[in-house]
Each structure stands twice: as C-alpha cells, then as structure tokens.
Amino acid sequence: MPIYEELYNQYLRYNLRLQRRLNGLSFSRLALFALFLFVGYRATQTGSAISIMGTILALIIFFIVVKWYDRLEQKTQYYKALAQLNEDEINFLKTNQSRYATGKEYEDAHHPFSFDLDIFANGGLFAYLNRCSTSFGKEALANCLLKPDIAQIRERQE
C-alpha cells in the first residue's frame, strides 16, 4: 500500500502544480484577448499599419496560448486520473470494496464451479482482479476465469 500512497501524493502534487500553471495561462488568455480587442479597435479607428500588425500578432499569440492551455489541461486531466486510480487502489486495500464491476452478468448457475465459488459475487475473484474499463476487457477476464487454459497457467504466472 505504501507505493500507492506515494504515487497518489506524487500525482496529486504534480496535478496541483499544473493547475496553478493553468490558472496563469487562463489569465494570460484573458489579457491577450483584451489586448486583441483594444489593438483591433485602435486599428479600425486609426488604420495604422502598426495597429493592424499588433492586432494580428495579438491574435496569433492568443491562439498559441489557447493551444498551450489545451495541452496542459489534457496533461492535468491525465495526472488527475492517475491520482484517482491510486486512490481507488488505496481504498480497495483498506476496505476490500472495489469500485469496478463484480461481473454479476457473467454468473452461470450451470457452470461447474463459478456459481459455487462465487467468482462473480461481491468480494469475489472477478471483483478482486477486475480493473477493466471496457466491456471487451471484462468479457476477456470472465472467459479466463470460466474457461481457464491450463496450458498457459505457468506462462501467465511467470
């Protein structure tokens, strides 16, 4: 569990640092847009080439900062998701309650052992192993538990 707590804290700190940078970029976007409006207004009033070039330059810089902001926001969301994953694992280790699906839909009363062993029950093996985010992944895990390939067990263990 210490590794999850360490990673959680690391990702949270990094996310907070990125969030502060996002706040600064957000203010910069606002200031650049205001500058664009001001210089654009002056350009329409005076018709000066310097004002027109300033308007174009302010607009180009504004778009660059918007793109930079979007990339930084994606990075922030990424580290926020990593922190959340580690927090979920910490909570799972403390409470043994997974936030992932238990696989109840794969339960089969006629299967030789899945119903008896409660593989798909709360606190069952599927819920313990499941970290899948797609239906394909959940189905693949359920198939591995229901129809294990005995020849590959050693290989998977290694």
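**Close-up views of a predicted model**

**View 1. Arg99 forms a salt bridge with Asp88 (a side-chain nitrogen of Lys or Arg within 4 Å of a carboxyl oxygen of Asp or Glu), and their closest N and O atoms are 2.3 Å apart.** The pair links distant parts of the chain, with Arg99 in the loop between H2 and helix H3 (125-129) and Asp88 in helix H2, 11 residues apart. Helices are DSSP runs (H or I, at least four residues), numbered from the N terminus. Arg99 counts as exposed because its relative accessibility is 55%, whereas Asp88, at 10%, counts as buried; buried means under 20% relative accessible area, exposed over 50%, and partly exposed in between (1.4 Å probe, protein chains only). This is a predicted model, in which local features need pLDDT of at least 70 and side-chain atom pairs count only at pLDDT 80 or more, while totals for chains, interfaces and linings use all residues. Residues are numbered from 1 along each chain as its sequence is written, and side-chain values use heavy atoms, leaving out hydrogens and water.

**View 2. Glu89 forms a salt bridge with Arg131, the closest N and O atoms being 2.6 Å apart.** Glu89 lies in helix H2 and Arg131 in the loop between H3 and helix H4 (135-146), so the pair ties together parts that are 42 residues apart in sequence. Glu89 is buried, at 13% relative accessibility, and Arg131 is partly exposed, at 30%. The structure holds 2 salt bridges.

**View 3. Helix H1 covers residues 2-46.** Its buried residues include Tyr8, Tyr11, Asn15 and Leu18. Just after H1, Gly47 takes a positive phi of about 70°.

Notes. Helices (H or I, at least four residues) and strands (E, at least two) are DSSP runs, numbered from the N terminus. The expected span of a helix is 1.5 Å times one less than its number of residues.
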